[in-house]
Amino acid sequence: MSRLRGYGTAVSFAARLPGPLLPIGVMAATAAGTGSMFTTATLVCAALVGMSVGGPAASLLASRVGARNVLLVSAIVHVLMLVLMVSSIDRLTRQDTLTSDAVIYGLLLVFAAVAGLSAPATATFSRAHRWAPATLPTQAGPGVRAGLRSEVRLDDAALIAAPLMVAALSFGVGPTAGLLTSAVLTASAVPLFAVDRALPDVASIEAARSPLGGVEHAQQLLLEHRGLAPEALPDRVGLPAEVEEEAMAENPRSSEGSVASGAGWVRGLLAAALLAAALGGVLGALWITVLGSAQMLPRPSLFTVPMGLIAAASVLAGRANSQAFSSPLLLRRRRLHVTVLLGLSLVLLAVGTLASTPGSFLVLSALCVLSAVMLGRLSVALYASLGLGAPVERLPHAMSAVSGGLLLGVCLGLTLAGIAADELGYGWSTLVAVSGSLVAVVVVLGGQLWGTPGPVEPQTSTPREPGEGSA
């Protein structure tokens, strides 16, 4: 039984690797083929936007045609798009005279968006499988909460392993190693995953997998904190939406003790989304900073190593001291973490602009990894504030707003950093990281985030009774 479970875990891990491999593969292949950070950034943005739409779209289609059919068809389309991207980048590299660069760039945008849209939603259907009852008593799983935690660990491991795989394979395969590896895994592991499990045809529509490490773990902590990830399956099997309704009935915190209505709710939600966008902008700038500084090396594909370290640092920082998720100290330390993030961004700017040499790659990479630690801590604090201020019935909307803000911030950070790198030099992409950190400082210190400590009211002394207090 343990061997079968280990085989299923290995297949599930391999089948969810194409998602994290896509942006890394696009970055490596496009930067090596064009040398333009702006072109690379826009293609990565197209892939990320497609991935953010692909997960919810797959959940809707599964209820009509079945989860297995959705996975198999999306795998075919995904492989086709990856092959077209590899051939188009190769033609752009050879400076084909029959097709203009603008046409090839437009086609690459379409291919990247469709590749992201068709990225197999393995993680979504695997999570839905955790809510399905076992067909046989011997197939019973460890429980819903433990199963969902296992899914988060697999997502984080895939986020870390993807860039390291590209780094190892790029020495023999070349800059298209990430795209080719994603195509091979999609063609082999995704069909095995679709056939190996009895996937339910109804999956909850959840937020897309985040490119920032630590966010998946923070989302899981939030669901557990609000009672939406039970230890075991209820008597009546239901998806998270039905469990949410039961949690609302058992814990009616809709309007009392939280800013659930009116201007307070809107301000808190906007502040959370803006902070998520600021963190995403910093992450996008860190990616372009590492990618740009590696272009001066004999092997530019080495940028994937610090990319993996950035993912690992944010994941480990998000998991540190998880039991203090609802602690007020975690919320108070947001100010410290965002201040340290701003300081690291300023040091990044100084190193990137004043010491733009091949040797500065290691220094910039180390600073980016340290910045990722702060991003991981701030992401956990952000979702902890959602657990404090968002009522259960509005929690899906709040999580979607934060995920959308993070995606928007990553795309803006990538694009602006790409423009700065092309027009001013690779080191000036760090200016976008400084700007994103400044926005995060303003939001955190602005006092609109849920969980912000309020002013301490002075205590009024009560009049003493006659004879009291005299010794």
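The chain exposes about 20,500 Å² of accessible surface, and carbon and sulfur atoms supply 65% of this area; such areas come from the Shrake-Rupley method with a 1.4 Å probe, and for residues only the protein chains shown count as cover. The model is predicted: local features need pLDDT of at least 70, side-chain atom pairs count only at pLDDT 80 or more, and totals for chains, interfaces and linings use all residues. Residues are numbered from 1 along each chain as its sequence is written, and side-chain values use heavy atoms, with hydrogens and water left out.

Of the 471 residues in the chain, 53% are buried. Here, buried means under 20% relative accessible area, exposed over 50%, and partly exposed in between (1.4 Å probe, protein chains only). The secondary structure consists of 17 helices and 0 strands, where helices (H or I, at least four residues) and strands (E, at least two) are DSSP runs numbered from the N terminus. Among contacts with a separation of 6 or more, 85% join residues 24 or more positions apart; a contact means heavy atoms within 4.5 Å.

Turning to charged groups, side chains of opposite charge can pair when their charged atoms come close. With a salt bridge taken as a side-chain nitrogen of Lys or Arg within 4 Å of a carboxyl oxygen of Asp or Glu, the count comes to 4.

One of these salt bridges joins R16 to D155, with 2.7 Å between the closest N and O atoms. R16 belongs to helix α1 (residues 2-16) and D155 to helix α7 (residues 144-173), so the pair ties together parts that are 139 residues apart in sequence. R16 counts as buried because its relative accessibility is 6%, and D155 is likewise buried, at 9%. A network of salt bridges links R16, E151 and D155.

Helix α7 also takes part in the next pair. R149 forms a salt bridge with E224, the closest N and O atoms again being 2.7 Å apart. This pair links distant parts of the chain, with R149 in helix α7 and E224 in helix α9 (residues 215-225), 75 residues apart. E224 is buried at 14% relative accessibility, whereas R149 is partly exposed at 39%.

A further salt bridge brings together the side chains of D156 and R319 (3.2 Å, N to O). D156 is buried, with a relative accessible area of 3%, while R319 counts as partly exposed at 27%.
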